[in-house]
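Reader: I would like a close look at a single part of this model, and at how that part sits within the chain as a whole. Please take me through it slowly.

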Amino acid sequence: MHNKRPAKTPKKTYKSGRMRRLEIRQQRIKKALGNSPVKFASLHKWSAQKAGAKKPHGAIWANPQTMASVSAYPVVPLYYVDKAFTCARCGVEQLWTAKQQKWWYEIAQGELQSTAKHCRPCRQAVRMEKYQAKLTHYTGLIQKHGLEDAAQRLKLSVAELSNWRDKNIV
Ligand SMILES: [Zn+2]
């Protein structure tokens, strides 16, 4: 932007900043949709392939040393690029950034075959639904069969289930 705009009221500035962020997000999604596919390498050739590879602009090099289940699935990405995906729950177009992917595979130890499925609000909602379902299920079993029998049905120790119950105030 080279054309200077006159000073605005704080409210207007905030609104335009928000619009701008939305715009940038849309552009990143659009760009991610057109991304060339990520190059994969088998683990023992990884260093050689990295040496010969050209990383696209904005991509982040991967580090296979800290990835989970590499021995079970020894084909690893050379780098991460922003990836666009549609939220499986609400259908909103989302961006899984290169940085988030690196975090997922190399720090959170996510499976190499797994990819982002839900946007952030839906992820929270899904987590809450799972928690509610577990609460209903476990509580029902405890009330119906007693702690010991319920633990056996859930393949948990009585101590584990009793701990869980105390934490969740059943
Ligand atoms: Zn969603």
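Author: There are 6 helices and 6 strands in the chain, where helices are DSSP runs of H or I with at least four residues and strands are runs of E with at least two, numbered from the N terminus. This is a predicted model, in which local features need pLDDT of at least 70 and side-chain atom pairs count only at pLDDT 80 or more, while totals for chains, interfaces and linings use all residues. Residues are numbered from 1 along each chain as its sequence is written.

Along the sequence the elements follow the pattern α-β-α-β-β-β-β-β-α-α-α-α, and the part to look at closely is helix α4, which covers residues 120-145. Its 26 residues reach 37 Å from the first C-alpha to the last, close to the 38 Å expected at 1.5 Å a residue, the expected span being 1.5 Å times one less than the number of residues. Helix α4 is hardly covered, since 2 of its 26 residues are buried; a residue is buried if 20 or more other C-beta atoms, placed from the backbone, lie within 10 Å of its own, exposed if 12 or fewer do, and partly exposed in between. After helix α4 comes Gly146, whose phi is positive, near 85°.

Among contacts in the chain with a separation of 6 or more, 57% come from residues 24 or more positions apart, a contact being a pair whose C-beta atoms, placed from the backbone, lie within 7 Å.

Notes: Two residues are in contact if their C-beta atoms, placed from the backbone, lie within 7 Å.
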